[in-house]
Amino acid sequence: MSAKENAAIGQLFELLESRYALRVLWALKDGHPQTFRLLQDSIGSITPNTLNTRIKELRAAGLMGHGSDGYIVTALGTDLLKRMNDVQAFAGKWAASQVKAGIVKKK
C-alpha cells in the first residue's frame with residue numbers, strides 16, 4: 001500500500017472514529033431523509049452540539065448532505081455504508097466467537 005493510500009485510510013478512520021460519526025451515517029442508511037430532531041432520536045443519547053459537529057464534519061467530507069426533507073447520505077456515503085455491511089456481518093460472527101470462547105457473556 002502506498003503512502004498516499006495509507007494517508008487516505010488514516011484520514012477516513014480519523015473522521016469515522018469521532019464520537020457518533022458512524023452512528024449518524026448508520027441512522028441514515030435506509031435512504032430516507034431525516035430532520036435534525038429525527039436524526040437525534042434515531043441515534044439516542046447524542047447531544048445537539050455533538051450532532052451538529054458530526055453533521056458539519058460528515059457534510060464537509062461529502063458523506064452526507066441536506067435536502068428539502070432533511071439530512072441524507074450522499075452517493076459517496078452510500079458506497080461507504082454498503083462496505084460497512086461487510087463489517088456488520090463480520091461483527092456478528094466475531095461476537096458469536098467471543099461468546100463461544102467465554103470471553104464475552106451473552107446479553
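How many residues apart are Arg37 and Asp41 in helix 3? In this predicted model, the two are 4 residues apart within helix 3 (residues 36-43), a separation of about one helical turn. Their side chains meet in a salt bridge, with an N to O distance of 3.6 Å. Arg37 is exposed, at 52% relative accessible area, while Asp41 is partly exposed, at 47%.

A search of the whole structure finds 3 salt bridges. Another of them joins Glu57 and Arg54 at 2.8 Å, N to O. These residues sit 3 apart in helix 4 (residues 48-60), again about one helical turn. Here Arg54 counts as buried, with 11% relative accessibility, and Glu57 is partly exposed, at 28%. Arg83 also forms a salt bridge, with Asp79, and their closest N and O atoms are 3.1 Å apart. Both belong to helix 5, at a spacing of 4 residues. Arg83 counts as exposed, at 54%, and Asp79 as partly exposed, at 31%.

Helix 5 itself deserves a visit. Spanning residues 75-100, helix 5 has 26 residues and reaches 38 Å from its first C-alpha to its last, close to the expected 38 Å. Gly77, Leu80, Leu81, Met84 and Gln98 are buried in this helix, and its buried residues pack against helix 1 (3-17), helix 2 (21-27) and strand 2 (70-73). After helix 5 comes Gly102, with a positive phi near 80°.

A further positive phi, of about 75°, belongs to Tyr20, although Tyr20 is not a glycine. Most residues other than glycine have a negative phi. Tyr20 lies in the loop between helix 1 and helix 2 and is buried, with a relative accessible area of 11%.

Methods: Residues numbered from 1 in each chain as written. Predicted model: local features only at pLDDT ≥ 70, side-chain atom pairs only at ≥ 80, totals over all residues. Heavy atoms only, no water. Expected span 1.5 Å × (residues − 1). Buried < 20%, exposed > 50% of the residue type's maximum accessible area, 1.4 Å probe, protein only. Contact = heavy atoms within 4.5 Å. Salt bridge = Lys/Arg side-chain N within 4 Å of Asp/Glu carboxyl O.
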